[in-house]
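Please open the structure in your viewer and keep the selection tool at hand. The tour below moves from one selection to the next and says what is there at each stop.

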Amino acid sequence: AKNENMLLNFVELTYNYAKWIFPKYSCDYSNHLYNQPQLFTILAMKTYLKTTYREIIEYLELMDKIRKFLGLNKLPHFTTIQKFFVRMSDTKLKDLNNLINFMHPSECELVAMDGTGHTSDYADKYYAQIRGKSRKSYIKNHIAINVDTRMILNYAANKGPKHDTQFALASIRQLKPYKPHYILADKAYDSEEIRKCINEEVGAFDQIPLKKGATTGHYRLNSATIFWHDVYARRMNVESVISVIKRRFNGVNFSRSTPLQNKETKLKDVLYNIYRAIQVF
């Protein structure tokens, strides 16, 4: 049952999901002081509260109710959470996201797709200026959402700059089980290959504005006959989701290596879904 404390709701739901996905212990020969669902929930709290690893352990020292719920008689050292994040597989995150969507089924008439960048440079602008550094690379986060619920159906994260269309085909093919009626995307996704994938492989209608000067492609040239401005206007929901991810979970990644920055981005997408599930269901 929901209570009035959003953080407590988030912790409870995260922990309950984590128990389905993560084995209790990563190794039979570990000391078994802390189990993996506990560690993942602490990691999720760190991301939710936008703290450091050290700070989240300090905060937990003052959170008796949450410690009791998680069964933590003793708190782990902050490096234990760091090490858990490093060894946590991307597959587990994907499984967790699939579980969230499975536990909260809903009709998926409209899907909207878009991408955004998460900077991986955590130096402030003044430091970057005096050191002569500029933010040239970032992590590109591409998401596809159910427009009605604003839940993320699938995601991809890779080092940028990369064009959104490089993620599009794989993402579109993953939407087939949801049987969407329309797939919405901005003009950057206007290509014959993408439209063909939507129409023939997924069995949906594309709602993508045509680029100026387009003169070839069966689906591109016929797109005007199926394009509805009222339907396309709902694409703005995916931009709202991106905004919430960046405001609630931070648009800056603090991991140092590219693989960990990718994983940190994916973690934020999954935690957003938990956060959104509390609000919607």
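## A lysine in a helix

Begin by selecting Lys 268, which lies in helix H13, the helix that covers residues 258-280. Please keep in mind throughout the tour that this is a predicted model. Is Lys 268 buried or exposed? Lys 268 counts as buried, because its relative accessibility is 1%, and buried means under 20%.

## A histidine in a strand

Next, select His 142, which is found in strand E2, made up of residues 138-146. His 142 is buried as well, with a relative accessible area of 1%. Which side chain does the side chain of His 142 meet in a polar contact? Select Tyr 189 to see the partner, whose side chain makes this polar contact with the side chain of His 142 at 3.0 Å.

## Two packed helices

Now select helix H2, residues 36-49, together with helix H5, residues 78-87, and turn the view until you can follow both axes, which are 10 Å apart and meet at an angle of about 100 degrees. H2 and H5 are therefore roughly perpendicular to each other, since angles of 65 to 115 degrees count as such. To see where the helices touch, show the side chains of Gln 36, Leu 39, Phe 40, Ile 42 and Leu 43 in H2, which meet Thr 80, Ile 81, Phe 84, Phe 85 and Arg 87 in H5. Sorted by class, the residues in this contact of H2 with H5 are seven nonpolar, two polar and one charged.

Finally, select Cys 108 and Cys 197. Cys 197, in turn, is in no disulfide, and the count for the model comes to zero disulfides. Cys 108 counts as buried at 5% relative accessibility, and Cys 197 is also buried, with a relative accessible area of 2%.

Notes:
Residues numbered from 1 in each chain as written. Predicted model: local features only at pLDDT ≥ 70, side-chain atom pairs only at ≥ 80, totals over all residues. Heavy atoms only, no water. Disulfide = S-S within 2.5 Å. Buried < 20%, exposed > 50% of the residue type's maximum accessible area, 1.4 Å probe, protein only. Axes fitted to C-alpha atoms, helices over the stretch in contact; angles between N-to-C directions. Helix = DSSP H or I, 4+ residues; strand = E, 2+ residues; numbered from the N terminus. Parallel < 35°, antiparallel > 145°, perpendicular 65-115°, else oblique. Contact = heavy atoms within 4.5 Å. Nonpolar A, V, L, I, M, F, W, Y, C, P; charged D, E, K, R; others polar. Polar contact = N/O pair within 3.5 Å; in protein donor to acceptor, adjacent residues only side chain to side chain.
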